[in-house]
Amino acid sequence: MGNKKKILDRLGIGRILTRISHEIVERNKGVEKVVLVGIRTGGMYLAQRLQKMIKDIEGTEIPLGVVDITLYRDDLSRKAVPRLRETTMPFSLDDKRVILVDDVFYTGRSTRAAMDALMDFGRPECIQLAVLVDRGHQELPIRPDYVGMNVSTSYQESVEVMLEEKGDEDQVVVI
Amino acid sequence: MIWQRKHILGMRDLEAEEINLILETAESFKEISTRTIKKVPTMRGKTVVNLFFEPSTRTRTSFEIAAKRLSADTINFTVSASSVSKGETLIDTARNIEAMNPDIIVTRHSAGGAPYLLSKYVNSSIINAGDGAHEHPSQALLDMLTVKEQKGKLKGLKLAIIGDISHSRVARSNIFGFTKMGVEVRVAGPATLIPVDIEKMGVGVFYRIEQAIEEADIIMMLRIQMERQKGQLFPTLREYSRFYSLDLKRLKLAKEDVTIMHPGPINRGIEISPEVADGPYSVILNQVTNGVAVRMALLYLLAGGGDLD
C-alpha cells in the first residue's frame, strides 16, 4: 500500500491499442457496421484513439459514441451523488456491431450498466468489450473480448490509467 | 463539490456552487428527453409524491414527467381530492403521506413557508414547488438554465423583471438566484405592485417599463395574479396593459439579441403582445422543456447519496 508500481508506459499503451485495433478489424471482418462507444471518461479517450488507429488501417472513420453510466449504476443510494456528464450517441445502434471501450475491467458492474444504457439506444447486432487492463475480481458473468493486459491485483490496490488527454503522461500504475 | 442538501426550499439558501451543479446536471439530463426511449433506471424503486394544495398543471406535470423519466413511482395528491377539505391540518396530512414512505415530497401551498414547516416534521426530502408569494425555486433554476443556454453565461448580464413583483414567488426566487450568479436585476411595475424595501434584495427599482428594459439582455414578463391580489391595486387591466405590456415598439429599447421569458401561463395582449410572445426572441417554450431537465436534476440530486463519505 502506498507504493506506486508502473505497469505500462506510453509505448506499451500505444502497442496495445495498435494490437486491439487490428483485432477489432480482424474479428469483425472489416469495419462495416462497427461502431465504438467509450465509457466516460477513460474509455472515451481510448475509444477516440482506437477510432484514429482503425482509420489508419481501414481508411474509414467509424462512428464514435460516448456513454455516461452514472444513471445506470447499481450503487447510487450507497454513495455520494456522482457528477452526471453527458451521453453522446449521434447514431442509432440498431443492427450495429458495438465495441464498448473501458480503461479498466474490474467487477464488471460498469460494463453491466453500460450495456443497459446501450440497449436504450437500439438493438445492436452484438456488443464486444475492449479494455486496456483486466485487473481481475469479476463479480458478474461478463468477460472482455479484447484485453490489453492482465494484471493480478488485490482489493486494496487501485489501478489508475493516466492519459495525455486527462493532462497526465501516458501510463498505467497500480497503487 | 459533493451534494449535501436534503431539501430544496428556496433559492435564498442555495450557494452559487450548488446552483452551478444543478444547472450542469440538468444540461446532461436534457439529452434523455431527446431519446427514443426517454427513461433511465436511476430512481427505480423510489417514490415521489406530488402534494399540491394549490391548483397547478404545468409544474405538477413537469415534476411528474421528470420523475417518470427517472423511473420513480409518482403519486399525485391534490387538495380537491384530499382530506384537507375535511379539516385536517397540513402537518397531519404530511404525516399520513409520510407513513407510506415516499422518498421525496414535491409540494405547493398558498402559504409561504409551508414547505419549510413540512421539512421539520417529515423524514422525506421536500421540494418546494411554490409557496404563496414566497419562493418557486425550480422555476428560477429553469429560467437560469434557459438564460445560460441562450447567452452562454450568466455573469454580467442585465435582467429586467416586469409586472406584479409583490405577488410573484417567481420574481423573488429569480432575484435571489440571478443576483447570486452575478446578474444585474431590475424590477418594474406600478408602485402598488412593488414591495417596499425590495432594493435590499440588491435590485434596481423602476416604475416605467421603458427605463427597466433599456439595454436589457433578458426581459421576464410576469402575469398579473388576480387570484392573489386583495383590493384594487391598479385602475384597470386595460390601463395596466397600456403602460406595462411588452410590445414590439418597447422591445426596441432592449439589446438587439434580447431574450424574452415568461413563467406562464401567459395572458396574451395584457402583459405581452402576441407578436412578442411568438416572436424570434421568445424562449417561453424552451423554458418548459428545460423545466423537465431541471426537475430531473433536483430529483436525482436529492434521491442519491445514502451515507455521504
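Biologist: How many salt bridges count between chain A and chain B?

Modeller: The count is 1 salt bridge. This is a predicted model, where local features need pLDDT of at least 70, side-chain atom pairs count only at pLDDT 80 or more, and totals for chains, interfaces and linings use all residues. Residues are numbered from 1 along each chain as its sequence is written, chains are lettered from A, and side-chain values use heavy atoms, without hydrogens and water.

Biologist: What makes B:E24 and A:R83 a salt bridge?

Modeller: A salt bridge needs a side-chain nitrogen of Lys or Arg within 4 Å of a carboxyl oxygen of Asp or Glu. In the pair B:E24 and A:R83, the closest N and O atoms are 2.3 Å apart. Therefore the pair meets the rule.

Biologist: How do you know what area is buried between chain A and chain B?

Modeller: Buried area is the accessible area (1.4 Å probe) that two parts lose on being put together, summed over both. Here that is about 1,800 Å², and carbon and sulfur atoms give 59% of it. A:L71, A:V81 and A:R83 supply 34% of the area that chain A buries against chain B, more than any other three residues.

Biologist: Why is B:R295 said to have no salt bridge?

Modeller: The nearest side chain of opposite charge, B:D143, is 8.3 Å away. The limit is within 4 Å, so no salt bridge counts. Arg counts as positive and Asp as negative. B:R295 is also buried, meaning under 20% relative accessible area (1.4 Å probe, protein chains only).

Key: Buried < 20%, exposed > 50% of the residue type's maximum accessible area, 1.4 Å probe, protein only.
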